[in-house]
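Here is a short report on one protein model. Read it with the sequence and the 3D view side by side.

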Amino acid sequence: MAKKNLISIVLLIFLINKLASQTVNIGELTVAPNTQFSTLSDFENTINGDLLQDGNFYAYANFKNDGLITYTNTTNGTTFFSGKQIQLINGTQTAHFQNVVFDNISSTVPFHLATIINIGKNSAFKKGIIDAESFNGKMVFEENAFHTDASNLSFVDGKVENLGNLQFEFPIGDDLYFRPSLHEKAADIQNAYTTQYFLKNAGPQHPYTSKETGILIIDEKEYWNLSQNKGTEKIVLTLTLDTNTTPPLFFQETENTTLGIVRWDDSTAKWINEKGSTTDLLNGADYTKIVTTQVSGYGIFTIAIVEKQNNVPTGDLIIYNAISPNGDGINDSFHIKGIDNYPDNRVEIYNRWGVKVYEADSYNESDVMFKGYSDGRTTVNRNAGLPSGTYFYILKYKKDNETIEKSGYLYISRDN
């Protein structure tokens with residue numbers, strides 16, 4: 001909707017009725033940049049209501065939208081859901097917000113989301129869990145949108161959808177626990193994914209006894225449901241472990257076992273091993289360990305203890321999965337022995353957050369090799385030495401007109 005003679009708040013065919021404890025918009029309402037509009041009572045944007053939200057809109061009570069809520073891309077409007085009472089956010093139409101702040105101290109779960117809201121730029125999770133599961137709501141992050149401050153104090157308990165091609169941490173959880181999944185997505189901006197975390201058993205329709213050989217123990221206390229709404233890419237997925245929700249057994253790896261991500265496969269009616277690399281996080285994180293892998297499909301995922309596989313793949317390639325780039329000439333680069341025989345190849349390397357830090361076509365055993373430096377995208381400084389830790393690699397190569405894919409973990413050590 002075009003701007004129309006903005007001064008502070010301009011009313012065009014606009015009428016606000018204060019009926020009992022309700023504020024109703026039945027016309028056109030514009031909140032201009034650098035201005036403030038507040039509703040201490042319930043706010044309703046009716047079917048005939050148009051709200052152009054380019055300023056600071058404070059909603060201290062319930063918020064209902066049956067009309068149009070939008071913003072101007074060149075502005076920086078923020079909608080604040082604040083207060084000291086439970087807030088129902090509902091309506092028949094999707095509300096499009098540029099920035100949203102959730103900050104309500106009335107209870108642990110003060111927000112009841114019973115509609116779809118779209119975030120165009122940023123959602124700040126300050127205080128209060130958003131219950132979308134009980135009220136059949138959903139939060140959608142548009143292309144290039146992000147969030148800040150998500151923690152056990154504030155997250156979405158329900159479905160979150162992400163549109164576009166960014167690396168994205170889904171601000172999801174269940175009960176009182178923030179349990180995000182992280183996605184590294186391909187360049188196709190048409191991709192769209194919806195994810196939800198459940199702190200419960202996946203149910204009898206997904207029996208944990210039906211599993212691939214090599215899967216030893218499956219986490220039966222929690223799972224993530226990930227769907228691909230648009231696109232065909234297979235993402236790099238990172239799942240989180242938390243001592244508050246994940247059984248203690250999954251923090252006790254042995255010499256012959258490791259953690260992997262497993263997925264329920266409907267076609268075979270069993271849990272399959274998507275594999276993965278494990279990273280321990282610094283103290284103070286709401287979650288304490290992560291597992292990263294590239295998925296082969298979508299659906300229900302969780303963590304499992306799996307048999308540790310030999311780092312030498314079958315076939316005629318040998319992948320050495322540890323490098324120490326200290327210039328001593330020993331293990332200074334990621335060596336894939338035999339890759340020179342397959343010049344039609346591609347190597348990708350991701351850090352523990354699922355962010356791509358290296359990619360190369362025609363990888364070889366001489367000059368095109370990963371030496372512990374990043375040539376990744378904006379989240380990692382180009383040509384910066386990467387820190388010690390566990391990384392995740394994906395290798396694709398052509399052999400006899402067939403594309404073969406290998407993946408696994410890679411450890412960088414900078415100790416002299």
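Which residue forms a salt bridge with Lys 138? Glu 161 does, with the closest N and O atoms 2.9 Å apart. A salt bridge here is a side-chain nitrogen of Lys or Arg within 4 Å of a carboxyl oxygen of Asp or Glu. The pair links distant parts of the chain. Lys 138 sits in strand β17 (residues 138-141) and Glu 161 in strand β20 (residues 159-163), 23 residues apart. Glu 161 counts as buried because its relative accessibility is 12%. Buried means under 20% relative accessible area, exposed means over 50%, and partly exposed lies in between (1.4 Å probe, protein chains only).

This is a predicted model: local features need pLDDT of at least 70, side-chain atom pairs count only at pLDDT 80 or more, and totals for chains, interfaces and linings use all residues. Residues are numbered from 1 along each chain as its sequence is written, and side-chain values use heavy atoms, with hydrogens and water left out.

**The whole protein**

The protein has 40 strands and 0 helices. Both are DSSP runs numbered from the N terminus: helices are H or I with at least four residues, strands are E with at least two. Of the 416 residues, 54% count as buried. The protein exposes about 18,700 Å², and carbon and sulfur atoms supply 47% of that area. Accessible areas come from the Shrake-Rupley method with a 1.4 Å probe; for residues, only the protein chains shown count as cover.

The structure holds 12 salt bridges. Three of them are listed here.

| Pair | Closest N and O atoms |
|---|---|
| Lys 138 and Glu 161 | 2.9 Å |
| Asp 265 and Arg 263 | 3.4 Å |
| Lys 398 and Asp 344 | 3.9 Å |

Asp 265 and Arg 263 are both buried. Now take Lys 398 and its salt-bridge partner Asp 344. This pair also links distant parts of the chain, 54 residues apart. Lys 398 lies in strand β39, while Asp 344 lies in the loop between β36 (336-337) and β37 (345-350). Lys 398 is partly exposed, at 39% relative accessibility. Asp 344 is partly exposed too, at 48%. Elsewhere, salt bridges link Arg 346, Glu 348, Lys 356, Glu 359 and Asp 361 in a network.

**A sheet of five strands**

Strands of a sheet pair through backbone hydrogen bonds, either parallel or antiparallel. In this model, 5 strands form an open sheet with mixed pairing, in the order β35-β40-β39-β37-β38. Two strands pair if DSSP finds at least two bridges between them. β35 (322-323) and β38 (356-361) stand at the edges with a single partner strand each, so one side of each has no neighbour in the sheet.

How many bridges join β39 and β40? There are 11, in the antiparallel sense, between residues 389-399 and residues 402-412. The two strands form a hairpin with 2 residues between them. In the turn, Asp 400 has a positive phi of about 55°. Lys 398 has Thr 403 in β40 as its bridge partner.

β39 also pairs with β37, in the antiparallel sense over 6 bridges. Tyr 393 belongs to both pairings: the residue is the bridge partner of Ile 349, and it stands opposite Gly 408 in β40. β39 is mostly covered, with 8 of its 11 residues buried.
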